[in-house]
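Work through the exercises below with the sequence and structure open. Try each task before you read its solution.

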Amino acid sequence: MEEVDVEPTTTLIPGVGLKQKHVGFEWGPGDILVYETNFKLQGAGSGGPGFPFVHVVRKDEDIYSPILRKLFNESHHIFVGLQNIKDDMPSKNKKPQFVSVSKNYRSVIRACMEELQQVAVSTQDTSLVAQYSNQVSILLAIELIWNLCEVLFIDAAPAGILLLHLLDWVRLHKADVDEKVREVLQSESPTHHHAYWEVVISFVLQGRMDEARQILMKQANLQPASRPIYQLMDSLLHKMPIFNPGSTQTLTEFDVKWRHWHEECDRYLQDNSFASNRHLETICKILVGDEDTMLEHKELLGTWYHFLVSRLLFFHPTVKPSELHYYAQSSMDMFLDSRSAPEPLDSILLAAFEFDLHQVIKDCSIALNNWWFVAHLTDLLDHCKLLQSHNLHFGSNLREFLVLEYASGLFSHHSLWQLAVDYFDHCPEFGRVYLELQIERVPLETERKALKVLRICEQRQMNEQVRSICKIMAKRALSNNRLGSALSWSIRAKDAAFATLISERFLQDYCTRGSFSDLDLIDNLGPAMLLSDRLTFLGKYREFHRLYGEMRFTEAAKLLLSLMTAKIAPRSFWMTLLTDALPLLEQKEVIFSVDQTHELMFCLEELTSDNSETKPERPAQDEDIESTKLELLRLALARNLAMAIVKEGTVEA
C-alpha cells in the first residue's frame with residue numbers, strides 16, 4: 001500500500017500553547033502524555049509559570065466505552081474460532097463457514113448498535129447523547145461496508161443471486177421504510193395519509209412487490225371506478241420475475257422471462273394505460289427502469305447505492321460481478337451533486353464495487369477511529385485466500401500488520417489486554433516479539449493480576465519475562481516486609497541471589513523473634529530449597545525445629561551437626577545452632593555420641609578463635625551474655641562427653 005495521502009486530523013488540547021511555551025510529550029503504548037515545559041519559544045515574551053496539567057491523548061477512545069467493550073470481547077471469541085478452521089478442509093466446505101463467521105461478526109455489531117441507541121434515548125446528558133449517536137453512526141457504516149464485502153467477496157454470489165443479495169443489503173440498511181409503513185397503517189385513513197404513496201413507491205424501489213400490492217389494494221377498494229388500472233398494476237407487480245436459485249430455471253431462461261415482462265410494462269406505459277393516475281404511472285416508469293423517474297425520488301432512495309440496486313433491479317437483474325463497477329460509478333455520478341465531493345463512505349463502497357479490496361482496507365484505516373474493523377475484516381478475507389498477493393515491504397503481510405496494530409491498542413486497556421494475547425498468538429511472524437514487548441508494560445497492581453500475566457508467559461515459554469515478573473513481585477513483597485510472598489516469587493524466578501537475601505531476612509527475623517513466619521511455605525519448599533545454599537539451610541534448619549518439636553531428638557541432633565560440619569550454615573549463625581544444641585546436651589538420655597560431641601567442641605573452638613581474631617566492639621552487657629553462653633556450652637559439652645564415654649564404654653564392655 002502506498003503512503004497515506006491525506007492529512008491526519010488535528011487534536012486540540014485545551015490550554016496548551018496559550019503561553020508560548022514548548023510542549024513536551026512522552027509516547028505510551030496506546031496514548032501520549034502532553035505537557036508544557038519551562039522553555040520559551042524563540043522570540044516570544046515572558047511565558048510565565050508552566051501549565052500545571054499533564055494531558056493524556058488517546059488514539060483509541062472506543063476501548064474505554066463499556067458498551068463497545070462488549071464488541072471487543074464478543075468478536076475475540078469469533079476471531080479465535082475462525083483461526084481453528086482447518087486449512088486442509090476443501091474450499092467448498094469452508095465457504096459456508098466463512099459466511100457464517102461474517103454474519104456472526106455483523107450480529108455483534110448490530111447488538112452493540114442497538115444497545116447504544118437504547119442508552120442514547122434513556123440518558124439525559126447531551127454530551128453523552130452526542131457521543132453515543134456518533135458511535136452508532138460509525139457502527140452503521142461499519143456494518144454497511146462489512147455486509148457489502150460479505151456479499152461481494154466472502155459469499156462471492158454469481159449473476160442472478162448477486163442482485164438478490166444486494167436487495168437484502170439495501171433493505172437491511174434502509175429500515176425507515178418499515179417505520180413509515182407502521183405510521184401509515186396506524187393512521188385513521190391510511191389511503192389519505194400524506195406518506196401513502198411514498199410507502200408504495202419505496203416498496204417498489206426495494207423490490208418488495210407483495211407488500212406494495214397489499215398497500216395498493218387498500219386504495220383500489222376505495223375507488224371502484226379506478227379498480228381496473230389498479231388490478232392491471234397489481235398484475236404487473238405480481239408477474240415480475242424474481243430469480244430463484246433453488247429452482248431448475250437457468251439464468252438464461254430467467255432473463256428471457258424477465259425481458260418479456262419488461263416489454264409488457266413498457267407497452268402499457270406507451271399505451272398511456274396509467275395516464276389517469278400519476279402515481280401508478282410513476283410506478284410503471286420505475287418498473288421499466290426509467291432513471292430520471294427514480295432520481296425524482298432521491299429522498300425515498302436516500303443514497304446512491306440504493307439507487308444503484310434499484311436501477312439494476314429494473315434494468316439489468318442478471319448483472320455480473322465484473323459489471324458492477326461500471327453501474328456503481330455511473331449511479332454515484334448521477335445521484336450525487338456534481339458540486340460536492342463524495343464522502344469517505346461513498347469512496348469505500350465504490351472501491352468495494354470495483355473489487356479493489358486493498359483500497360477498501362486503506363480507506364477504512366484512514367476514515368475509522370480504530371483498527372477493530374480493518375483487523376477483523378482483513379483476517380477473514382485472508383482466510384478466504386483473497387489477500388495472498390499483497391505483502392508489505394517491511395516483512396509482515398497486510399493481515400498480520402493490522403491485527404498487530406489492533407492488539408497493541410488493546411494492551412493499553414486495564415482488562416482488554418488479555419484478549420490481545422490471543423491476537424498476538426495468531427500472528428506467526430511478529431506476534432511473539434510484540435507480545436514480549438507489550439507484556440512487560442502491563443502494570444502489576446495486584447498479585448492476582450501478576451499471576452495472570454505469569455501464567456500467560458509460562459504457557460508460551462517466555463522465560464525472560466517470567467523471571468522479570470517474579471523479580472518485580474519479589475522486590476515489592478520484600479519492601480512490604482512480606483517475606484513469605486517474596487521468597488515464593490524469588491523461587492519462581494529461580495533467582496538464587498534474591499532467594500539468599502530473603503533467606504537471610506528469615507534467619508534475622510528468627511534471631512530477633514525466636515520463631516519463624518510463613519511456616520507452611522518453609523515446610524513445603526521441597527526441591528526448591530536447592531536454589532541457594534542459604535535457602536537450603538533455612539529449609540533444613542526449619543526441619544530441625546520440626547524434629548525437635550516431635551521429640552525425635554536423635555534425628556534432630558544429627559541434622560543440626562550436619563548443618564555445621566557440612567558448612568551449609570553461615571558462620572554467623574553457628575552460635576545460634578550451638579545454643580539450639582544445649583537442650584539436647586542437657587537431656588537425661590545421651591543424644592550426641594562421643595564423635596558428635598567432639599565435632600561440636602571443634603565447631604565451638606573454631607567459632608571462638610575466629611571471634612577473638614576479629615573481635616568487634618560490643619556493649620558490656622552483650623559480652624557478659626556471650627561469655628555465659630560459652631561457659632554453659634562448654635560445661636554441657638564436657639558433661640555430655642563424659643556421659644557418652646561412659647555409655648559407649650558400657651556398651652562395648
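Ala, Val, Leu, Ile, Met, Phe, Trp, Tyr, Cys and Pro count as nonpolar; Asp, Glu, Lys and Arg count as charged; the others, Gly among them, count as polar. The model is predicted: local features need pLDDT of at least 70, side-chain atom pairs count only at pLDDT 80 or more, and totals for chains, interfaces and linings use all residues. Residues are numbered from 1 along each chain as its sequence is written, and side-chain values use heavy atoms, without hydrogens and water.

**Exercise 1. Sort the lining of the second largest cavity into nonpolar, polar and charged residues.**

Solution. 
- Start with the term. A cavity is a set of points, on a 1 Å grid over the protein atoms alone, where a 1.4 Å probe fits but cannot get out; lining residues have an atom within 4 Å of a point.
- Find the cavity. The structure holds three cavities of 30 Å³ or more.
- List the lining. Among its residues are Gly160, Leu163, Met240, Phe254, Trp258 and Pro317.
- Sort it. The lining divides into 11 nonpolar residues, one polar and no charged.
- Locate it. Helices here are DSSP runs (H or I, at least four residues), numbered from the N terminus. Helices α4 (161-172) and α9 each supply at least two lining residues. The largest share, three residues, comes from α4.

**Exercise 2. Describe the ring pair of Trp258 and Trp261.**

Solution. 
- Apply the rule. Rings of Phe, Tyr and Trp (its six-membered ring) pair if their centres lie within 6.5 Å; planes under 30 degrees apart are stacked, over 60 edge-to-face, the rest tilted.
- Count. The rule gives 21 aromatic pairs.
- Classify. The centres of Trp258 and Trp261 are 6.3 Å apart and the planes stand at 45°, so this pair is tilted.
- Trp258 and Trp261 are three residues apart in helix α9 (residues 251-270), so about one helical turn separates them.
- Check burial (buried is under 20% relative accessible area, exposed over 50%, partly exposed in between; 1.4 Å probe, protein chains only). Trp258 is buried, at 3%. Trp261 is also buried, at 3%.

**Exercise 3. How many disulfides does the structure hold?**

Solution. 
- A disulfide is a pair of cysteine sulfur atoms within 2.5 Å.
- The structure holds zero.
- Take Cys457 as a test. The nearest cysteine sulfur, that of Cys470, is 9.1 Å away.
- Cys457 is buried, with a relative accessible area of 0%.

Technical notes
On a 1 Å grid over the protein atoms alone, a cavity is a set of points where a 1.4 Å probe fits but cannot get out, and a pocket is an open set with protein on both sides within 12 Å along at least five of seven lines; lining residues have an atom within 4 Å of a point. Grid points are joined across faces, edges and corners, and a volume is the space filled by probe spheres set on the points.
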